[in-house]
Amino acid sequence: MVKITEASRKSMPDSEPESPYEGAKPMLPVTILDNKIALQNMVEAMYPELPERKLKKRKA
């Protein structure tokens, strides 16, 4: 499953959002696993759309 972004929706228009587990935000099941090039293109297009990783604050 991947985060729902513009690139993931364009790459997999047939994929319907699902929740990976109870209480989680919906994600898209990957429907292009058998097409290595399409999968790589989707991941490369998604990367700039993803938010920056949040750094954890150290406990004092």
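How many helices and strands does the secondary structure of the protein chain come to? The chain has two helices and zero strands, where helices (H or I, at least four residues) and strands (E, at least two) are DSSP runs numbered from the N terminus. The radius of gyration is 14 Å, well over the 10 Å that the globule rule gives for 60 residues, so the chain is more spread out than a compact globule. That radius is taken over C-alpha atoms, and the globule rule is 2.2 Å times the number of residues to the power 0.38.

This is a predicted model, in which local features need pLDDT of at least 70 and side-chain atom pairs count only at pLDDT 80 or more, while totals for chains, interfaces and linings use all residues. Residues are numbered from 1 along each chain as its sequence is written, and side-chain values use heavy atoms, with hydrogens and water left out.

**Overall dimensions and surface**

The C-alpha trace spans about 50 × 25 × 20 Å along its principal axes. The chain exposes about 5,600 Å², of which carbon and sulfur atoms supply 54%; accessible areas come from the Shrake-Rupley method with a 1.4 Å probe, and for residues only the protein chains shown count as cover. Of the 60 residues, 20% are buried (buried means under 20% relative accessible area, exposed over 50%, partly exposed in between; 1.4 Å probe, protein chains only). Among contacts with a separation of 6 or more, 41% join residues 24 or more positions apart, a contact being heavy atoms within 4.5 Å.

**Core**

The largest nonpolar core has seven residues: V2, A7, M12, L28, I32, M42 and M46. Such a core is a set of buried Ala, Val, Leu, Ile, Met, Phe, Trp, Tyr and Cys residues joined through side-chain atoms within 4.5 Å. Not counting residues up to four places away in sequence, I32 touches S11, M12, A38, L39 and M42.

**Individual residues**

| Residue | Relative accessible area | Class |
|---|---|---|
| S15 | 8% | buried |
| T5 | 9% | buried |
| V30 | 22% | partly exposed |
| P26 | 47% | partly exposed |

S15 lies in the loop between α1 (6-11) and α2 (36-46). A polar atom of the S15 side chain is 2.7 Å from the backbone oxygen of P29. Beyond four places in sequence, S15 touches L28, P29 and T31.

V30 is also placed in the loop between α1 and α2. With residues up to four places away set aside, V30 touches M1, V2, M12 and L39. V30 and S11, 19 residues apart in sequence, are 9.5 Å apart in space, C-alpha to C-alpha.

P26 lies in the loop between α1 and α2 as well. Leaving out neighbours within four places, P26 is in contact with I4, P17, E18 and S19. P26 and N41 are 15 residues apart in sequence and 22 Å apart in space, C-alpha to C-alpha.

T5 is in the segment before α1. Apart from neighbours within four places in sequence, T5 is in contact with M46, E49 and L50.

**Salt bridge**

The structure holds one salt bridge (a side-chain nitrogen of Lys or Arg within 4 Å of a carboxyl oxygen of Asp or Glu). The side chains of K10 and E6 form it, at 3.3 Å from N to O. Both residues lie in helix α1, four residues apart, about one turn of the helix. K10 and E6 are both exposed.

Notes
Polar contact = N/O pair within 3.5 Å; in protein donor to acceptor, adjacent residues only side chain to side chain.
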